[in-house]
Amino acid sequence: MQVSIRSLLTACFVSFALLGAGADASAAANPASKTAEANPRGQILSLSCASCHGTDGKSVGVIPSFYGKTPEYLETALKDFKSGKRYSTVMGRHAKGYSDEEITLIAQYFGTVWQNNK
Amino acid sequence: MSHRISRRDFNKLLVSGVAGSALGLFGTIKPAFAAQNRVVIIGGGFGGAAAAKYLKKLDPSIAVTLVEPKATFYTCPFSNWVLGGLRTMQDIGQTYTVLRNRHGVNVIADKATGIDAVKRTVTLKTGRVLNYGRLIVSPGIDFKWSAIEGYSEALSNTKMPHAYQAGSQTILLHKQLMAMKNGGRVLICPPGNPFRCPPGPYERASLIAHYLKAKKPKSKIIILDAKEKFSKQGLFKKGWDTLYPGMIEWRSGPTGGKISKVDGRAMSVTTDFGVEKGDVINIIPPQQAGKIAFDAGLTDASGWCPINPNTFESTLHPGVHVIGDACIAGAMPKSGFAASSQGKVAAASIIRLFQGKEPAPPSLVNTCYSLIGTDYGISVAGVYSLSPTGIIEVPGSGGLTPMDADADHLREEAMFADGWYKNISQDIWG
């Protein structure tokens, strides 16, 4: 059985369109992109935290995890590190790099990224 | 016949088309759309692999191809721990299996040899050509072999390793240290700024001292430095006085530290003050951006790559983003952490650009731990943002472990150093 190049190209177009549509759908359903869509600045501020605390805050080593914490908990913790109210070796030095507004955005990002994984 | 194709071949094409590997074909039909969703990344280190992982994590619809010739990437971070006998090479080897199998990154074990920024193609050593919508170049460093008279790549592979790209170089230096006699003399010769991992040579001295103190306590380490001061200097010197009194001597550039010449046969180096002999000699040469960056015209007169700090897109070639040690990133040091932070910012920016949206202003971080002894860790942290003059450290943030940190603090930082490695490697390659 043989088919012409023309029908091949048509089929390719169709499959490509499907691929595109499928990809768009999966991007929208993807928890990380959903969180980023709502809070792009929060995402940019938050991505580096994962290097020490694990992807999405899920630590595999001795550094504390914060996966599953609420935005309120994270915001209080970061503000307490920043003010020195809460003891730390290195977190205070990091937290001082962010304004209170930025801390709120970070807390919202990590406080919701896990909820979208449910 | 030439215009006809069997049903079987047709199905094959269709299947591969759906899997995305025949996008080149679609590219000829509708180049703009197909090209826009395709990112090629050159280099699978801390920058490139982080960008690959996060592009797929944040937008799985993008086709991500990672070009890296090495099947196992040995990390420079923790390679000093191998020299000190605290880790094995296996512990610091990262592979691309999870990126390929779980995250859907198309990993190609090949070397990029050319970039055509106008046609938006990358040529590989095997002759294969890859099309891209956006390219990320994360080539790390290359050495200026001719900067020190008598030094060469050949000498680095036999008598005087640099061990500043981890792998066989790390193994060679480790073997030399193990073969050295008690009472031997180790020379470590770091370059001037800027260079990869500013605290690296001094952590190296510390962990070699850790090994020598236990096994060859009559030995000495002399650091012949091109610089007048170095990263975390006060903390390192305090740590050396506490743990290795009399074992490590540091000489600054103007006081006889700067080397101009080496002699592999005599196992010696020449400074402004005379000739120094060593039983083990570690030369860390001056550096520049990785070779492909030069070949592609991505470097300026400094030997590094100028970028737009908002997105890490090259100011010389649109559509090409340069991250990691090779780029000029303002106040950020050249470190694995910085590279991964830049990789994530580039990934998020590229996604926004594909969507036709303005990228969010960048926020970048660096966190580097150095181990001085098994219970003695120190760190430097930095948070960086964009100012009209480029990437700056956020005023009042970051900084070093306090000079008066007590033993509990230093022990916790040593534990965090281990936790740092576990998480950063998992976050990038896991």
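How many residues does α9(B) have, and how far does α9(B) reach from its first C-alpha to its last? This is a predicted model, and in it α9(B) has 16 residues and reaches 23 Å, close to the 22 Å expected at 1.5 Å a residue. The helix is mostly covered, with twelve of its 16 residues buried. Among them are Gly200(B), Pro201(B), Tyr202(B), Glu203(B) and Arg204(B). Further along, Tyr211(B) and Leu212(B) are buried too.

Step back from α9(B) and you land in the loop that links β12 (185–189) to α9 (200–215) in chain B, where Pro194(B) sits. The peptide bond running from Asn193(B) to Pro194(B) is cis, and its omega is near -5 degrees. Cys197(B) also belongs to the loop between β12 and α9 of chain B. That cysteine, Cys197(B), is not a glycine, yet its phi is positive, near 50 degrees. For background, most residues other than glycine have a negative phi, and most peptide bonds are trans.

Chain A has a positive phi to show as well: Asp56(A), again not a glycine, has phi near 60 degrees. You'll find Asp56(A) in the loop between α4 (49–53) and α5 (71–83) of chain A.

Is Asp56(A) buried or exposed? Asp56(A) counts as buried because its relative accessibility is 11%, and the cut-off for buried is under 20%. Cys197(B), at 29%, counts as partly exposed.

| Residue | Phi | Relative accessibility |
|---|---|---|
| Asp56(A) | near 60 degrees | 11%, buried |
| Cys197(B) | near 50 degrees | 29%, partly exposed |

**Where α4(B) meets α13(B)**

Now for a helix pair in chain B. Helix α4(B) packs against helix α13 (residues 407–429) of chain B at an angle of about 55 degrees, and their axes are 7 Å apart. The two helices, α4(B) and α13(B), are therefore oblique to each other. On the α4(B) side, the contact is made by Phe46(B), Ala49(B), Ala50(B), Lys53(B) and Tyr54(B). Facing them from α13(B) are Ile424(B), Gln426(B), Asp427(B), Ile428(B) and Trp429(B). By type, the residues of this contact split into seven nonpolar, one polar and two charged.

Ala50(B) is worth a click in your viewer. It lies in helix α4 (residues 46–58) of chain B and counts as buried, at 0% relative accessibility. Leaving aside residues up to four places away in sequence, Ala50(B) touches Gly45(B), Ser340(B) and Ile428(B). The C-alpha atoms of Ala50(B) and Trp429(B) are separated by 7.5 Å, although these residues are 379 residues apart along the chain.

Notes:
Residues numbered from 1 in each chain as written. Chains lettered and ligands numbered in written order. Predicted model: local features only at pLDDT ≥ 70, side-chain atom pairs only at ≥ 80, totals over all residues. Heavy atoms only, no water. Helix = DSSP H or I, 4+ residues; strand = E, 2+ residues; numbered from the N terminus. Buried < 20%, exposed > 50% of the residue type's maximum accessible area, 1.4 Å probe, protein only. Contact = heavy atoms within 4.5 Å. Expected span 1.5 Å × (residues − 1). Axes fitted to C-alpha atoms, helices over the stretch in contact; angles between N-to-C directions. Parallel < 35°, antiparallel > 145°, perpendicular 65-115°, else oblique. Nonpolar A, V, L, I, M, F, W, Y, C, P; charged D, E, K, R; others polar.
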